[in-house]
Amino acid sequence: MTTSTGSKYGTDQRTVTVRINGRDVTREVSTRTTLADFLRDELDLVSVHLGCEHGVCGCCTILLDGHSVRSCLMLAVQADGHAVETVESLSGNPAELHPIQESFAEEQGLQCGFCTPAMVLRTKEIIETGRELTDAEVRHEISGILCRCTGYQNIVNAVQSASAKLRCGAAGAGCGAAATYDSAGGRD
């Protein structure tokens, strides 16, 4: 049996307009509906994963006005007038991967995939700062998203690889050699 979010979360409704993945969406939502539930249940953006629903795991991370937000801790009405990005926003063509997604695949930065959309979005945010980070700094930057599969090194490698790809893409051809790794999986 399907229930609407209104009956599931209460009857007090508000109209919200949110720019989601580049397009404006206007909907009536219950004032108690979380942004995560709104994105998943109302807009079918199932890359927004719900793990702990307490803001601890970070799997529900989206970008709100370009900054990481745990969508399970935010109400949909709070997103009114803001821009939300989910991992679906990265590639205009579903048959092509964004360079960040390519890097996660190439560096084997995912296993079960549950934390991957959040990690990919956090990577986008990190790269857009324009700073080159050490592996230790990358580990710190992604520390708000829990991964139970990878041990994080391949995710760190994916972040560094994506950063290099996007930097080289902006700089044009001849950006330099690819990163090399030592026997322990760290960068030389």
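A residue is counted as buried when its relative accessible area is under 20%, and by this criterion Ile-100, Gln-101, Ser-103 and Phe-104 are buried in helix H3. These four residues cover an arc of only 160° around the axis, and they therefore lie on the same side of H3. The helix is followed by Gln-108, for which the predicted model gives a positive phi, near 55°.

In overall composition, the protein comprises 6 helices and 5 strands, and the order of these elements along the sequence corresponds to the pattern α-β-β-α-β-β-β-α-α-α-α. When contacts between residues at least 6 apart in sequence are considered, 55% of them are found to join residues at least 24 apart.

Strand E1, spanning residues 13-20, runs antiparallel to strand E2, spanning residues 23-30, and the two are joined by 8 bridges. Within this pairing, Thr-15 has Glu-28 of E2 as its bridge partner. The hairpin formed by E1 and E2 has 2 residues between the strands, and in this hairpin Asn-21 adopts a positive phi near 50°. A positive phi is also assigned to Asp-44, which takes a value of about 60° just after helix H2. In H2 itself, which covers residues 35-42, the buried residues are Leu-35, Ala-36, Asp-37, Phe-38 and Leu-39.

The largest nonpolar core contains 22 residues, of which Phe-104, Met-119, Ile-142 and Ile-155 touch the most other members. At least two residues of this core are supplied by each of helix H3 (99-106), helix H4 (116-128) and helix H6 (153-171). Apart from this core lies another, made up of 21 residues, including Val-16, Leu-35, Leu-64 and Met-74.

If its neighbours within four places in sequence are left aside, Ile-142 is in contact with Met-119, Arg-122, Ile-126, Tyr-152, Ile-155 and Val-156.

Methods: Residues are numbered from 1 along each chain as its sequence is written. This is a predicted model: local features need pLDDT of at least 70, side-chain atom pairs count only at pLDDT 80 or more; totals for chains, interfaces and linings use all residues. Side-chain values use heavy atoms; hydrogens and water are left out. Buried means under 20% relative accessible area, exposed over 50%, partly exposed in between (1.4 Å probe, protein chains only). Two strands pair if DSSP finds at least two bridges between them. Contact means heavy atoms within 4.5 Å. A nonpolar core is a set of buried Ala, Val, Leu, Ile, Met, Phe, Trp, Tyr and Cys residues joined through side-chain atoms within 4.5 Å. The arc is that of the directions from the helix axis to the C-beta atoms.
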